[in-house]
Amino acid sequence: MTEPETRALREGGAAHLQLPGIKLTVVEGPDRGREAVARRGAVRIGTAGDNDLVLTDTAVSRRHLEVRLRAGEVRAVDLGSKNGTTVDGVAIVEAILSAASLIRIGATAIRALPVEDPVVVPLSSRERFGQLLGRSVAMREAFAVLERAAPTEATVLIEGETGTGKELAAEAIHGHSPRAEGPFVTIDCGAIAPTLMESEIFGHVRGAFTGAQNDRRGIFEEADGGTLFLDEVGELPLDLQPKLLRVLEKREVRRVGASQPRKVDVRVVAATNRNLLGEIDRGGFREDLYFRLAVVTVKLPPLRARTDDVPLLVRHFVECLAPGSPPPSAELLAAMAARPWPGNVRELRNAVERALAMAGPERPGSSPGPGDQAPMAEAMEPLFQLPIKEAIERWAELFERAYLGDALRRSGGSVSGAARMAGVNRRFVQRMMKRHGMRDDSGEPDEE
């Protein structure tokens, strides 16, 4: 779009981001003439009543499209709709809009037009919240939400890709809350077998099922007086979701096999790397549970959206992993900032740790020299004799095996630990191990 100025401002001691205002107008379709003006950093469009622009077009999904305001641009993002989205006749998943762009969803056409009134987004004045670091606008926007939510009792839903720091955000919320002296209990909803999930969450009494030889508290009771972090809540089995909702509503939990509930005083923070609104539309997640969890929602940006933070993070990791080391070179910082980092901050930290280990104690913060590439070049040389497609496939296999072996070594042989480091679920790691003929001696259940 033709953009009015986007500015980060400070007035009266409070920083905020001023984004260009937009108005979405339906120009074709059954809802022609309907409008929505941006009041925040995104405008959601669809047939569900909680959208900013609610449509009646039957070919439009319940939550079809989001128009997002960012510094210097306006983006249209399809939310996994059934019939898709086009911008200027081109099917898109995500696209930057111009002032003349025409968005089509179903039988509806929409134009996004600039307006004079800007959208003001609060920014934190800090570059750190708990163990989260960042001075970029995207992170300071997230910090501002976390700072306001932490002292309250509100349930918080943290959204973000794998490796963006969702657990660190949950720990920071707990640490800045009145419950900071209470327990902080975490459960990874994607790492527990579905058959054990109910007992893990709610506990059980002796004799409730085969193998239940003693009474056992669930995580809600363990977190009593503190904070419970439900990591990857989108993985929670559908049949357990109404039971979780009941606990959140009534603040009481009933152990498996028990006849009487127990009162619990727990604040819940949840996190997901899934599009839960899309899961709702597909029937994979309950809408009422979503809105009970998403009292406050914060989105942690991927590292590719905050590349200005990469040098800050690299220096921090070097200081933590190798105290007293020389600072990283400007060349190394520039090279790391230029990478896409699909695994986000977790991948960046692992890369720094690997670079420190390979560089040697005499120069842990230096850029890799020509000699450092010898082992890699040696491994690659035989592949140069193969057709390029076959060579790429073979190199990918070698890298995957080396990466997996390194992750298992650092996790002490724990498949779950290796999965967390790699930013995938345990089932994925188990499949990789079988593919490469690696034995699983962890004793953890096979999820194949």
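1. **Confidence overall.** The protein chain has a mean pLDDT of 85. In this chain, 88% of residues reach 70 or more. Keep in mind that this is a predicted model. The score is the predictor's confidence in each residue, on a scale from 0 to 100.

2. Which elements sit at the two ends of the scale? Strand β15 (residues 156–159) has the highest mean pLDDT among the elements, at 98. Helix α11 (residues 374–380) has the lowest, at 46. Where pLDDT is low, predicted coordinates should not be read in detail.

3. **The chain at a glance.** The protein chain has 14 helices and 23 strands. It has 448 residues, and 45% of them count as buried. Now take contacts between residues at least 6 apart in sequence. Of these, 59% join residues at least 24 apart.

4. **The largest nonpolar core.** In soluble globular proteins, nonpolar side chains tend to be buried together. Here the largest nonpolar core has 33 residues. F220, L228 and L230 have the most contacts inside this core. Several elements each supply at least two of its residues, including β16 (184–188), α3 (194–202), α4 (219–222) and β19 (227–231). Also on that list are α5 (241–250), β22 (267–272), α6 (276–281) and α7 (287–293). Helix α5 gives the largest share, four residues. Another core, of 29 residues, lies apart from this one; among its members are L53, L55, V60 and A95.

5. **A close look at F220.** What does F220 touch, once neighbours within four places in sequence are set aside? Its contacts are I201, L228, L244, V247, L248, V264, V266 and V268. L228, one of these partners, is also among the residues with the most contacts inside the core.

6. **Helix α5 and its buried face.** The buried residues of α5 are Q241, L244, L245, V247 and L248. Seen down the helix axis, they fall within an arc of 160°, so they line one face of α5. An α-helix has 3.6 residues a turn, so residues three or four places apart point the same way. What do the buried residues of α5 pack against? Their partners are α3, α4, β19, β20 (252–253), β22 and α7. Just after α5, R251 takes a positive phi of about 55°.

7. **Aromatic pairs.** How many aromatic pairs does the structure hold? There are three. One of them joins F129 and F143, with ring centres 6.5 Å apart and planes at 40°, so the pair is tilted. F129 lies in strand β13 (residues 128–129) and F143 in helix α1 (residues 137–149), so the pair ties together parts 14 residues apart in sequence. Both F129 and F143 are buried.

8. **A stacked pair.** The rings of F184 and F229 have centres 6.3 Å apart and planes at 15°, so this pair is stacked. F184 belongs to strand β16 and F229 to strand β19, so the pair ties together parts 45 residues apart in sequence. F229 counts as buried, at 0%.

9. **A charge over a ring.** R339 lies over the face of W341. The distance from the ring centre is 4.0 Å.

10. **H436.** Where is H436? Its place is in the segment after α14 (426–435). At 15% relative accessibility, H436 counts as buried, because the cut-off for buried is under 20%. Not counting residues up to four places away in sequence, H436 touches E397, E400 and R401. H436 and R401 are 35 residues apart in sequence, yet 6.8 Å apart in space, C-alpha to C-alpha.

11. **A419.** This residue sits in helix α13 (residues 415–422). A419 is buried, with a relative accessible area of 3%. Beyond neighbours within four places in sequence, A419 is in contact with V424, N425, R426 and V429. L408 is 11 residues from A419 along the chain, and their C-alpha atoms are separated by 8.8 Å.

Technical notes. Residues are numbered from 1 along each chain as its sequence is written. This is a predicted model: local features need pLDDT of at least 70, side-chain atom pairs count only at pLDDT 80 or more; totals for chains, interfaces and linings use all residues. Side-chain values use heavy atoms; hydrogens and water are left out. A nonpolar core is a set of buried Ala, Val, Leu, Ile, Met, Phe, Trp, Tyr and Cys residues joined through side-chain atoms within 4.5 Å. Buried means under 20% relative accessible area, exposed over 50%, partly exposed in between (1.4 Å probe, protein chains only). Contact means heavy atoms within 4.5 Å. Rings of Phe, Tyr and Trp (its six-membered ring) pair if their centres lie within 6.5 Å; planes under 30 degrees apart count as stacked, over 60 as edge-to-face and the rest as tilted. A charge sits over a ring if NZ of Lys or CZ of Arg is within 6 Å of the ring centre and within 35 degrees of the ring normal. The arc is that of the directions from the helix axis to the C-beta atoms.
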